[in-house]
Amino acid sequence: MACGGFVCSKTSLCILNLIYVMVSLLMISVAAWGKWFGLVSSFRVMAAVIAVGLFLFVVAIVGLCGAVKHHQVLLFFYMLILFMVFILQFSVSCACLAINKEQQNLLLEIGWNKSESMQEDLERSLDCCDFLQVYYNESCVATCFKNQTCRPCSVIIQAYADDALQFVGGVSLFFSFTEILGVWLAYRYRNQKNHQQNPGAFI
């Protein structure tokens, strides 16, 4: 059977969703590993990564079950959810790639002020103190604080922010196109007939 038929569409959709399953399990494992070994003390960050991983896992399982069983309802909801995720992820990736320096600095400062545990993680890992200016009369977990040689964390974070946003935007844009590929495959597969089961009817 030529590629583009029932079997090829089914196989392609199964492979795509198996990749999503592996990515989701990797996200959950990395978040749990980081929390277990104390690399990330922020519960919100860990919970957000695990929640995204679980959501992707559920969507992938729905797509996998729909592909294996050629289930019309599961494939329909899979297409709907994946298309909504595509719109959201495509928008986020475009925003990451188009953000300017002023907007970037504003977002970094807002994010810094939201979580004290995340501040401690960054101060410890980047060896810096505070955001815009170092205050030695306050506490800081960075090792440089004892010698009073610390730099503000904003200087270090901004040095990596451009590359990080470009990387996140590019990866997110790539995965958004795999999602629209999944929608197209599910739509095509949903309207194909299985000659092995019922040669005379569309399922």
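**Exercise 1.** Is Phe-90 buried, partly exposed or exposed?

*Solution.* Before we start: this is a predicted model, where local features need pLDDT of at least 70, side-chain atom pairs count only at pLDDT 80 or more, and totals for chains, interfaces and linings use all residues. Residues are numbered from 1 along each chain as its sequence is written, and side-chain values use heavy atoms, leaving out hydrogens and water.

Step 1: recall the scale, made with a 1.4 Å probe on protein chains only: buried is under 20% relative accessible area, exposed is over 50%, and partly exposed lies in between.
Step 2: Phe-90 has a relative accessible area of 31%, so Phe-90 is partly exposed.

**Exercise 2.** Find how Phe-90 and Phe-177 are arranged as an aromatic pair.

*Solution.* Step 1: rings of Phe, Tyr and Trp (its six-membered ring) pair if their centres lie within 6.5 Å; planes under 30 degrees apart are stacked, over 60 edge-to-face, and the rest tilted.
Step 1: the whole structure holds six aromatic pairs. In this one, the centres are 6.2 Å apart with 75° between the planes, making the pair edge-to-face.
Step 2: locate the partners, using helices as DSSP runs (H or I, at least four residues) numbered from the N terminus. Phe-90 sits in helix H3 (residues 72–98) and Phe-177 in helix H6 (residues 153–190), so the pair ties together parts 87 residues apart in sequence.
Step 3: look around the pair; ring pairs link Phe-83, Phe-86, Phe-90 and Phe-177 into a cluster.

Notes
Helix = DSSP H or I, 4+ residues; strand = E, 2+ residues; numbered from the N terminus.
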